Amino acid sequence: MRFGFSEDQKLFQATLAELLTDECHHEALAAAWETDAGWVPGLWEKLAAMGVTGMSVPEEHGGIGLDDTDLVLLLEEAGRAACPEPLAETVAIATPLLAEVGGAHADTWLPKIAGGEARAAIGLERERFVADAAAADLLILQRGDALHAVPASSVKTAARDSVDGARRLYAVEWTPSADTLLADGDTGHALGNRVANRAALAAAAQLVGLGSELIRLTVEYAKGRVQFGQPIGAFQAVKHHIANAYTQLELARPTVYWASNSVAKNTDSIDLDVSTAKALASDAAHACFRAALQCHGAIAYTYEYQAHMWMKRVLVLREAYGSSAWHRRRAARSLIDG
Amino acid sequence: MKIMVCLKQVPHQDARLDIDSAGTWIQESNIKFEINTYDTYALEEALRAKDEGECEVVVVSIGPDRTTQALRTALGMGADRAVHIKDEEADGSDALGLAKLLAAVAKEESPDTIFTGFMSDDDNFAAVPPMLAELVGLPHTTAAVKVVRGDSSLTVDRETEGGSYEVVELPLPCLVSVQTGINQVRYASLKGIMAAKKKPLDVKSVADLGLSGSVGAGAAKVKIEKIAPPPKGDTAELLEGSTDEVVAGLVTKIKELGLL
């Protein structure tokens, strides 16, 4: 079986990369840290105009109706840019759920998401806090086996500390109701597992992008920083760090692509594939983080240098939607239990 | 109304450029390519005309297989049709050879307007647009920074030396090469990229255009003998003093160099 991306999928990725290079550069990110929501002003509207927010929205609701394999390269690109917008939560997690459940919630929210008028936040029960809850328009919240679509006006949020200044965390108070219910019981349990898999996959794809950018930044620095008469990248003590992180990242990348196929087709091995991808991508991105920090030296953790924003996003997404250890245990269970 | 836009695919601005073994061009393997920056503005100018009224936008490019991606991107941005001149016989063409190829397509298409970029990011000749206009027999102007469309003419502000502008009026059909910054170039949309698959992309050979033997390296009158990276500068002047003194010195330097 051949698994590769189509020319269209690669062109989607290149097109989004062009937009994010222009609009989500590190100066824009630094400025976003100072805004109330932590987002880049105007970027969401541009993503909507490009059609990114409507990618997974079914055509009858104004979107393009693409699946997880079409999204994965875009999520990787969002990670590469450390894009602070809730693209993964809205496009890769909330939208497929709403489309699958259908009904009034889908009729209400999907056209808004496609048009760039609504952003979503995701609150799974095992996560203590909800990212972007105060600024999102719609919250997908889990209580037991039940999933709810809760408008922002129906929740109370309290800010919590986050290491990533562009990914604000909140404790959320809310009351489940029949009006907000998407699904419960066995259906809710199954959908909750699909949401969790999509969330982990989205985080894994972004981690691969984040790791790639950290490697690029570090290589560039190691080639330009001269010490003892030569670029520091010429020293084994430096270049081996980068090479080790790079190889780890390139081994994680195909597992993420494969997991996107498993999620899109809801295969029998979906839990194993997603957990493998999230565990490997988390570890690989963290290796890139450590290599970047080590090879840059002190400049890497200064507020003024851009690397810290990528590193902090790695720290956050590494733990989000299941840590590496949690996903390894889940992968082990999937292997043993079948 | 039909508008033809000439696009060139050039190495990506962030691509690492290494000189090939012959020393006459760069190594093109394993580098990314993109649409020439100037040409993106030309395309945007055409798409704006299309946005305003009934208009067909035809994009034309010369190059190997990879050039298809540039044409697909243009179709994804909103162009209606593409013509890809793909033939090894065209390799090594000089500016006149390229202009001949584009002119052959222009004669077949008979557009009301041809938009091109002012020059290419890689060759910087700025020679193809006027040559193309002359070969087709069209009035033309270069370095356009503003284009106002009339019923039977275009009024064009063109950039001249020293930051001044010249306003010219050209009857249709005509050719305009545009300067960067003339507009805000749109991004391709994902829907546009998907729709682009269904848009016509015609591939033409040199023979199809009736130009066998008159283009390509063999017919080129200008040959690149050697390319080389710019020599490393060995002097840099550090301005010293208070902030005000440094700023004043910098402004003086900029004026001396004619940069303002």
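This is a predicted model: local features need pLDDT of at least 70, side-chain atom pairs count only at pLDDT 80 or more; totals for chains, interfaces and linings use all residues.
Let me begin with A:Trp33, which is buried, with a relative accessible area of 12%.

A:Trp33 forms an aromatic pair with A:Tyr303, and the geometry is edge-to-face, with 5.9 Å from centre to centre and 80° between the planes. The two partners come from distant parts of the chain, since A:Trp33 sits in the loop between helix H2 (26-32) and helix H3 (43-50) of chain A, while A:Tyr303 sits in the loop between helix H9 (270-296) and helix H10 (307-319) of chain A, and they are 270 residues apart. Is A:Tyr303 buried or partly exposed? Its relative accessible area is 47%, so A:Tyr303 counts as partly exposed, whereas A:Trp33 is buried.

A search of the whole structure finds 4 aromatic pairs over all chains. Another of them joins A:Phe5 and A:Tyr257, whose ring centres lie 4.8 Å apart with the planes at 90°, and since planes over 60 degrees apart are classed as edge-to-face, this pair is edge-to-face. Here too the pair links distant parts of the chain, with A:Phe5 in the segment before helix H1 (7-23) of chain A and A:Tyr257 in helix H8 (residues 236-265) of chain A, 252 residues apart. Both A:Phe5 and A:Tyr257 are buried.

The charged end of A:Arg126 sits over the ring of A:Trp326, at 4.0 Å from the ring centre, and in chain B the charged end of B:Arg66 sits over the ring of B:Phe33, at 3.6 Å from the ring centre.

One more residue in chain A deserves a moment, namely A:Ser324, which is placed in helix H11 (residues 324-337) of chain A. With a relative accessible area of 11%, A:Ser324 falls under the 20% limit and is therefore buried. Which side chain does the side chain of A:Ser324 meet in a polar contact? The partner is the side chain of A:Asp283, at 2.8 Å. Leaving out residues up to four places away in sequence, A:Ser324 touches A:Ala279, A:Ser282, A:Asp283 and A:Arg318.

Turning to chain B, we find an open sheet of 9 strands with mixed pairing, in the order S9-S8-S7-S10-S6-S1-S4-S5-S11. Strand S9 (165-171) and strand S11 (201-204) of chain B stand at the edges, and because each has a single partner strand, one side of each is left without a neighbour in the sheet. From one strand to the next, the twist averages 35°.

Within that sheet, strand S7 (residues 140-149) and strand S8 (residues 153-159) of chain B pair in the antiparallel sense over 5 bridges, and B:Ala144 stands opposite B:Arg158 in S8(B). Helix H2 (residues 67-77) of chain B packs on the sheet, where it touches strand S1 (2-7), strand S4 (56-62), strand S5 (81-85) and S11 of chain B, and the direction of the helix makes about 165° with that of S5(B).

I will end in strand S4 of chain B, with B:Val57. B:Val57 has 0% relative accessibility and therefore counts as buried. Neighbours within four places in sequence aside, the contacts of B:Val57 include B:Ile3, B:Val5, B:Leu43 and B:Arg81. Finally, B:Val57 and B:Ile114 are 57 residues apart in sequence, and their C-alpha atoms are 9.7 Å apart in space.

Note on methods:
Residues are numbered from 1 along each chain as its sequence is written. Chains are lettered from A and ligands numbered from 1 in the order in which they are written. Side-chain values use heavy atoms; hydrogens and water are left out. Helices (H or I, at least four residues) and strands (E, at least two) are DSSP runs, numbered from the N terminus. Buried means under 20% relative accessible area, exposed over 50%, partly exposed in between (1.4 Å probe, protein chains only). A polar contact is a pair of N or O atoms within 3.5 Å; within protein, one must be able to donate a hydrogen and the other to accept it, and residues adjacent in sequence count only if both atoms are side-chain atoms. Contact means heavy atoms within 4.5 Å. Two strands pair if DSSP finds at least two bridges between them. Axes are lines fitted to C-alpha atoms, for helices over the stretch in contact, and angles run from 0 to 180 degrees between N-to-C directions. Rings of Phe, Tyr and Trp (its six-membered ring) pair if their centres lie within 6.5 Å; planes under 30 degrees apart count as stacked, over 60 as edge-to-face and the rest as tilted. A charge sits over a ring if NZ of Lys or CZ of Arg is within 6 Å of the ring centre and within 35 degrees of the ring normal.
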